[in-house]
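Morning, everyone. Please look at the structure on the screen while I talk. I'll go through strands first, then helices.

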Amino acid sequence: MTAGPTINVTVHGIGATSRELDPGEGETWVGVDQFEQLLDILVDRPEVRITFDDGNASDVELALPRLRERGLTAEFFLLAGLLGEPGRVDAAGVRELADAGMAIGSHGWAHRDWRHIDDTTAGQELHDAPRVLGEVAGRPVSTVAVPFGSYDRHVLHRLREARVDRVYTSDGGRARPGAWIQARNSVHDDLDAAWVHRLLDEAPSPRARARGLAARTYKRMRG
Ligand SMILES: [Zn+2]
């Protein structure tokens with residue numbers, strides 16, 4: 001049986017940014033204090049995998065030192081075509097993350113909606129992006145996080161053809177360890193301790209659910 005995280009959390013950006021955010025994008029940014037609170041709760045929770053999307057400069061400048069302080073690792077899904085753009089991780093930052101033992105994954109080339117791209121663009125998004133990121137990181141990149149969490153059967157077919165090892169979505173809820181598709185839970189600007197505890201406690205694993213059901217049934221039988 002494959003052990004591994006059953007809850008995936010996604011962080012987008014932390015603190016202030018030097019780039020102009022897309023409409024609504026600010027709602028996915030959190031403050032440094034909110035981020036630290038998140039890590040302090042997750043430090044003893046190996047069932048949680050922490051991921052980062054969009055390759056914001058805060059990945060290296062703010063997240064990396066705070067992860068290292070706590071002995072945590074995370075997986076960073078970067079945008080190959082935006083490396084070194086204002087407010088984004090650059091090539092040196094990718095190497096810094098990789099050298100610190102962080103996993104590097106692909107978030108594609110230019111943050112496009114993969115449900116609405118032609119074959120040529122799909123080649124860039126699904127094949128070129130991981131290859132370029134792997135060249136920069138100095139090791140193969142074979143996992144992806146789907147931009148906007150937007151996918152359908154056609155996208156999954158292309159990802160299978162691209163021989164992607166693992167696909168991270170934004171579907172929410174629990175994930176099966178080792179499964180090809182991994183649901184994730186995004187933090188938002190209203191992130192607080194209560195949200196994290198709800199995430200940890202209110203989505204019981206199938207085994208815990210079965211236990212709870214058995215306990216309730218037993219109680220009913222006893223009257
Ligand atoms: Zn994204």
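**Strands and helix packing**

Start at Phe77: its bridge partner in β6 is Gly105. Keep in mind that this is a predicted model. The pairing behind that partner is between strand β5, residues 75-78, and strand β6, residues 103-106. Four bridges join them, and the two strands run parallel. How does the chain cross from β5 to β6? The chain goes through helix α3, residues 91-99, and this β-α-β crossover is right-handed.

Now the helices. Two packed helices are described by the angle between their axes and the distance between the axes.

Take α3 with helix α2, residues 58-69, first. Their axes come within 10 Å and cross at roughly 25°. Angles under 35 degrees count as roughly parallel, so α2 and α3 are roughly parallel to each other. The crossing of α2 past α3 is left-handed. Which residues meet? From α2, Asp59, Val60 and Leu64; from α3, Gly93, Glu96 and Leu97. By type, this contact has three nonpolar residues, one polar and two charged.

On α1, the contact residues are Val32, Phe35, Glu36 and Leu39. On α2, they are Leu62, Ala63, Arg66 and Leu67. Six of the residues in this contact are nonpolar, none is polar and two are charged.

Conventions:
Residues are numbered from 1 along each chain as its sequence is written. This is a predicted model: local features need pLDDT of at least 70, side-chain atom pairs count only at pLDDT 80 or more; totals for chains, interfaces and linings use all residues. Side-chain values use heavy atoms; hydrogens and water are left out. Two strands pair if DSSP finds at least two bridges between them. A crossover is right-handed if, with the strands pointing away from the viewer, the path from the first strand over the helix to the second runs clockwise. Axes are lines fitted to C-alpha atoms, for helices over the stretch in contact, and angles run from 0 to 180 degrees between N-to-C directions. Angles under 35 degrees count as roughly parallel, over 145 as roughly antiparallel, 65 to 115 as roughly perpendicular and the rest as oblique. A crossing is left-handed if the near helix is turned anticlockwise from the far one by less than a right angle, and right-handed if clockwise. Contact means heavy atoms within 4.5 Å. Ala, Val, Leu, Ile, Met, Phe, Trp, Tyr, Cys and Pro count as nonpolar, Asp, Glu, Lys and Arg as charged, and the others, Gly among them, as polar.
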